[in-house]
Amino acid sequence: MFEGLTMFGRAFVGFVSPMVLLHVLWATQLGIIIGMLPGLTATMAVALLSTLTIGMAPNDAILILICIYIGCIYGGSRTAILLNIPGTPANAAATVDGYPLAKQGLAGKAISIATTGSFIGSVVGILAMLFFTPLLGTAALRFQSYEFFWLAVFGVVICGNLTAPKDPLKGWIAGFIGLFVAMIGMETIHGYVRYSFGSVNLASGIQLISAMVGVFGFAEVISVMRHKNIATVNTEITSTLPPVREIIRYWRTAIRSGIVGTFIGTVPGVGEDVAAWACYDMAKRAAKPEEAAKFGKGSVEGLMAAETGNSASIPGAFMPLLTLAVPGSAAAAVLLGAMLIHGLRPGPLLMIENPMLLYQIIVMTLLGTVAMFILGLMMVKTLVKVLTVPRTKLMPIVFTLCVVGAFALSSRTYDVSIMIAFGLIGFFLREMEYPMAPLVLGIILGGILDENLRRALILSDGSLIPFVTRPISLVLIAAIVFVIVSRLPFITKLVAAAREKRQGKKAM
């Protein structure tokens, strides 16, 4: 523990310089602006900026991307409060109570609550990263090829389950499409080319960043141009100072939401939106009857729970990313791709090969959080003006960045073609209500699944028995089966019937 704190201190001192602090401020500010604009998600922002930071030093590039990520997730609360339109999916829960507060003339108070909640959530997540990531890294050393295969399957299954609550089958289909995409090109063990259809370009595989920019960037451009909607902005903002009395009153909610949000963030591919809704639901269930009645009508507690939860999930998503190379959210998946591009290798050997990277990521997250809190309170009245820019005028700029970002990877028009192709695929899947996060996670985990499956079969001489007899593998198999069985139609009907029966007894 003492050694970890010492390394954290060394990492912190290494980042205290004028140039680093300048990067923190402008990147966080840009993230807040992007998050405020409906349709420009954190994942898209990180994907686009990943391609533009290729020539930078690795630490500077990752610092900028983390600050963009933090700023985006927070910035989306502005739009949710003022327009009733979440700037990012993570801020959808903030609309439930944030917009009613704004309609009551309390927009400034709502924004300050969201800012403070985001800060508390991030701090709780950072503390969890500091103390629990080394322990998770030690446990990760016990993982072998058999466990990594099941971990990849579990990541796709749980992500598809949670990101498509109405029909998990759509989430699972999207995830397995991503796994298939990851199989295209030359495999790593024997150098055999698969699914290239004679194309030299396809033999090199699908570039992760090109696919992500297409799915989250170009697909959004098409979607916005097809579904035009105009919203009015309430620019009347009074005081934005945090209401200390309200924060002290709901400190239990803030701490609980921070812990729950961090835990949900560690689940592969789930993301900040699920964390926000889960924390909001827990706050409503735990509230006293008179407080619970305010939820949905302008509850300060509800808004704080939602914004604390989604920000806490960001450090949570970094924990499996660093120790298992399995991202906890779609934006973290893009960040993993950026790390690999810059020569950084997260995974089970991180604490042995490059333990300082963990503490550097923690310091980066802390700096981004502090900048988010300061800028979030200082620049409210100015940044609200950004919301008056029509989204349709922003989309040509986004499309240009998509093309430039895809081309910058290898200076090939082929990568631009891949970006456009995945943009079209992403658009049609969105129109059919397929979630994009499982598809992205499938592309990330496909290489892990494929490589570890074949390596495990080589080690076991073709036997499948070790896959189902090792203790960690059994736990992962049980979790996969539980997730699938729990979403079977007759099981969900039984659970719903039991819930209605229990509520009926309470009413009596």
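**Surface loops, overall makeup and helix packing**

Asp461 is exposed, as its relative accessible area is 73%. Asp461 lies in the loop that joins α22 (437–459) and α23 (465–469). The phi angle of Asp461 is positive, near 60°, although the residue is not a glycine. The model described here is predicted.

Phe197 is a further residue of this kind. Its phi is near 55°, again a positive value in a residue other than glycine. Phe197 sits in the loop between β2 (193–194) and α9 (200–203). With a relative accessible area of 76%, Phe197 passes the 50% cut-off and so is exposed.

The overall makeup of the protein comes next. It has 508 residues, and 57% of them are buried. Its secondary structure consists of 25 helices and 2 strands.

The mean pLDDT of the protein is 81, and 87% of the residues reach at least 70. Among the elements, α2 has the highest mean pLDDT, at 90. The lowest mean, 61, belongs to helix α25 (residues 489–507). Where pLDDT is low, predicted coordinates should not be read in detail.

Helix α2 takes part in one of the helix pairs described here. α2 (residues 18–36) packs on helix α18 (residues 355–378). The angle between the two is about 60°, and their axes are 9 Å apart. This angle makes α2 oblique to α18. Their crossing is right-handed. On the α2 side, the contact is formed by Val20, Leu21, Val24, Leu25, Thr28, Gln29 and Ile32. On the α18 side, Leu367, Gly368, Ala371, Met372, Leu375 and Gly376 take part. By class, this contact has 9 nonpolar residues, 4 polar residues and no charged residues.

A second pair is formed by helix α3 (residues 42–52) and helix α10 (residues 208–226). Their axes cross at roughly 130° and come within 9 Å. The two helices are therefore oblique to each other. The crossing of α3 and α10 is left-handed. From α3, the contact draws on Thr43, Met44, Ala47, Leu48, Ser50 and Thr51. These residues meet Ile209, Met212, Val213, Phe216, Gly217 and Glu220 of α10. The classes in this contact are 7 nonpolar, 4 polar and 1 charged.

The crossing of α13 and α15 is right-handed. α13 contributes Glu272, Ala275, Ala276, Cys279, Tyr280 and Ala283 to the contact. α15 contributes Glu301, Gly302, Ala305, Ala306, Gly309, Asn310, Ser313 and Ile314. The contact of α13 with α15 divides into 8 nonpolar, 4 polar and 2 charged residues.

Helix α5 (residues 94–103) is mostly covered, with 7 of its 10 residues buried. The buried residues are Ala94, Thr95, Asp97, Gly98, Pro100, Leu101 and Ala102. After α5 comes Gly105, whose phi is positive, near 85°.

Burial also occurs in a loop. His342 lies between α16 (330–341) and α17 (350–353). The relative accessibility of His342 is 11%, which is under the 20% cut-off, so His342 counts as buried. Neighbours within four places in sequence were set aside when its contacts were listed. His342 is then in contact with Thr53, Ile54, Met56, Pro58 and Ala61. Asn59 is 283 residues away from His342 in sequence. In space, the C-alpha atoms of His342 and Asn59 are 8.9 Å apart.

His342 is buried, whereas Phe197 and Asp461 are exposed.

Note on methods: Residues numbered from 1 in each chain as written. Predicted model: local features only at pLDDT ≥ 70, side-chain atom pairs only at ≥ 80, totals over all residues. Heavy atoms only, no water. Axes fitted to C-alpha atoms, helices over the stretch in contact; angles between N-to-C directions. Helix = DSSP H or I, 4+ residues; strand = E, 2+ residues; numbered from the N terminus. Parallel < 35°, antiparallel > 145°, perpendicular 65-115°, else oblique. Left-handed = near helix turned anticlockwise from the far one by under 90°. Contact = heavy atoms within 4.5 Å. Nonpolar A, V, L, I, M, F, W, Y, C, P; charged D, E, K, R; others polar. pLDDT = per-residue confidence, 0-100. Buried < 20%, exposed > 50% of the residue type's maximum accessible area, 1.4 Å probe, protein only.
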